[in-house]
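Please walk me through this protein model and the ligand that goes with it.

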Amino acid sequence: MVSQTITVITGASRGLGRAAAQRLASVDGQRVVATARNRADLEPLQSELQLAGHRIECRQLDVTDDNSVDALRQWLSEHFGRVDALINNAAISIDRYSTSLLELPLDTLRATLETNLVGVLRVTQALVPLMRASRAGRVVNLSSGMGQLSDMNAGVPAYRISKTAVNALTRILATEMAGTRIKVNSVCPGWCRTDLGGPDAPRTPEEGIDTVVWLATLPDDGPSGGFFRDRQPIPW
Ligand SMILES: NC(=O)c1ccc[n+]([C@@H]2O[C@H](COP(=O)([O-])OP(=O)(O)OC[C@H]3O[C@@H](n4cnc5c(N)ncnc54)[C@H](OP(=O)(O)O)[C@@H]3O)[C@@H](O)[C@H]2O)c1
């Protein structure tokens, strides 16, 4: 039985997922399972970490594909018998700031929800049962200020709706997990310079993942069912 903390990250090929994998892989006692749609996209990260003396597992995972998710679940079960932390990071943003809700193509909404909501749920349903064997399960859902109902605005409507829905998922699962050792939280990383965030964003990916890593490694008396930015609770 592996004594390290097994942390699975979706969408680790670039952006915040990659930064989180990089950060966690250098933490003592962590065994990071970085996943990506194309496994080959993880090779630069793997080489870089290996050179620095860190170990990382790289696996294929498309969150929209049942078979891919099931293959990962099976591999984790055979290799480790459990998962300790899951960072649901993978997402897409394919509508525009100028897109009006009244003109939003329904296929754009469907595709966005398929990755950002159904994908998160598919991976969560597959891997959270493996957390029951963990000393301390942690689920971290990458949400966004764009999904905050308390500050809801217009622009990128499909993305906004998907992130509000992810927050609902966080609340429902946290309630279902109350009384277990599993903690479930949403995080807004702030506006970060990634392919999704664009070049004008004020934060680096490394700054953005600080709260993500904090939530993935919460102590037993840490919060559950919350929405955080910069390690502080924010309104839903
Ligand atoms: N950047 C920001 O300012 C910001 C702000 C608030 C919230 N967020 C959230 O933070 C998370 C990471 O965003 P980011 O800025 O790092 O985005 P990004 O640079 O566009 O990276 C997105 C990642 O998701 C992966 N992905 C997309 N569809 C996938 C699928 N079907 N299966 C598996 N992986 C898939 C991508 O993989 P491929 O390389 O295969 O496409 C990529 O690794 C997202 O949930 C985003 O909504 C970001």
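Predicted model: local features only at pLDDT ≥ 70, side-chain atom pairs only at ≥ 80, totals over all residues.

The protein chain has a mean pLDDT of 97, and 100% of its residues reach 70 or more. Within the chain, confidence is lowest in helix α2, residues 43-51, where the mean is 95. It is highest in strand β6, residues 183-187, at 99.

In general, the strands of a sheet pair through backbone hydrogen bonds, either parallel or antiparallel.

Strand β2, which covers residues 30-36, can be followed to both of its partners. On one side, β2 pairs with β1 (residues 5-9) in the parallel sense, over five bridges. Ile9 has Ala34 of β2 as its bridge partner. Strand β2 is mostly covered, with six of its seven residues buried.

Next comes helix α5, residues 157-177. Its 21 residues reach 30 Å from the first C-alpha to the last, which is close to the 30 Å expected at 1.5 Å a residue. The buried residues of α5 include Pro157, Tyr159, Ile161, Val166, Thr170 and Leu173. Arg160 and Lys163 of this helix are also buried. What do the buried residues of α5 pack against? They pack against α4, β5 (138-142) and β6. After the helix comes Gly179, whose phi is positive, near 90°.

The ligand has 32 residues around it, and those that come nearest are Gly11, Gly15, Ala91, Thr194 and Gly197. Two elements give two or more residues to this shell, namely α1 (15-25) and α4 (106-131). The largest share, three residues, comes from α1. By class, the shell around the ligand is made up of 14 nonpolar, 13 polar and five charged residues.

Two residues outside the helices and strands remain. Tyr97 lies in the loop between β4 (85-88) and α4. Is Tyr97 buried or exposed? Tyr97 counts as exposed, because it has 10 C-beta neighbours inside 10 Å, and the cut-off for exposed is 12 or fewer. Leaving aside neighbours within four places in sequence, Tyr97 is in contact with Gly155 and Val156. Thr64 is 33 residues from Tyr97 along the chain, and the C-alpha atoms of the two are separated by 24 Å.

Val2 lies in the segment before β1. Val2 also counts as exposed, because it has 11 C-beta neighbours inside 10 Å. Not counting residues up to four places away in sequence, Val2 touches Arg31 and Phe80. Val2 and Arg82 are 80 residues apart in sequence, yet 9.4 Å apart in space, C-alpha to C-alpha.

Terms used: Residues numbered from 1 in each chain as written. pLDDT = per-residue confidence, 0-100. Helix = DSSP H or I, 4+ residues; strand = E, 2+ residues; numbered from the N terminus. Near = placed C-beta within 6 Å. Nonpolar A, V, L, I, M, F, W, Y, C, P; charged D, E, K, R; others polar. Expected span 1.5 Å × (residues − 1). Buried ≥ 20, exposed ≤ 12 C-beta atoms within 10 Å, placed from the backbone. Contact = placed C-beta atoms within 7 Å. Pairing = 2+ DSSP bridges.
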